[in-house]
Amino acid sequence: MLLGSTANNNGNSKGTESLVLQLISQQRYAEVYELLNDQQTTSTASLYNMALCLHWSGNYQEALNRLDIIRLAPQLNNENKLNANHDYKQIRNKQNSTDDYLQGISEAYIKSFPGLVYDAVIRLKTDCWLQLGNHPKVRAIATPIAHKGYKNITDALELANTADDKRI
């Protein structure tokens, strides 16, 4: 047995979660896939992080399958007390133009920011449906959060609408 390890490690420890996040930030998706596949857990973080690996590899349908297992409710009262703060709004608007949803997530992040996780799932699903060429699905899933100004959502809706306009 290695020093510092426990004989009763189920693979779902905080250390493993930290390692998964570190590996994702290094784009070491094969290692993340291996760790998460060995865990065989259905935690939201594990499913999302596995979907990131599959998305990165171009296996969009399998990424969608993992994302469909995640059960998060949209945050109906998603008003952040900082929304009136000018600095916060500037930071949020700038962040919404990034691909931050392609970063790994932890259970602590899910607990602290369930609305942002819900949006990240929608954003990743939108990317998958767009890559699969299912423009009606892109519109159906992306439109409800279009008002939030996420760049990938805006771009996906524009591409889906443009592609459909060319067919007419």
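Keep in mind that the model you are looking at is predicted.

The side chain of D100 meets that of R123 in a salt bridge, 2.8 Å from N to O. R123 belongs to helix α7 (residues 114-131), while D100 sits in the loop between α5 (86-96) and α6, so the pair ties together parts that are 23 residues apart in sequence.

A search of the whole structure finds six salt bridges.

| Salt bridge | N to O distance |
|---|---|
| R123 and D100 | 2.8 Å |
| R28 and E31 | 2.7 Å |
| R66 and E62 | 2.9 Å |

In helix α4 (residues 60-69), R66 and E62 are four residues apart, which means that about one helical turn separates them. R66 is buried, with a relative accessible area of 19%, and E62 is partly exposed at 31%. As for the other pair, R28 is partly exposed at 40%, and E31 is partly exposed too, at 29%.

Now turn to helix α1 (residues 14-25). Its twelve residues, at 1.5 Å each, should span 16 Å, and the end C-alpha atoms are 17 Å apart, which agrees. Buried residues in α1 are T16, E17, V20, L23 and I24. They lie on the same side of α1, because they cover an arc of only 125 degrees around the axis. Their cover includes α2 (29-39), α3 (44-57) and α6 (107-112). Just after α1, Q27 has a positive phi of about 55 degrees.

Methods. Residues numbered from 1 in each chain as written. Predicted model: local features only at pLDDT ≥ 70, side-chain atom pairs only at ≥ 80, totals over all residues. Heavy atoms only, no water. Helix = DSSP H or I, 4+ residues; strand = E, 2+ residues; numbered from the N terminus. Expected span 1.5 Å × (residues − 1). Buried < 20%, exposed > 50% of the residue type's maximum accessible area, 1.4 Å probe, protein only. Arc of directions from axis to C-beta. Contact = heavy atoms within 4.5 Å. Salt bridge = Lys/Arg side-chain N within 4 Å of Asp/Glu carboxyl O.
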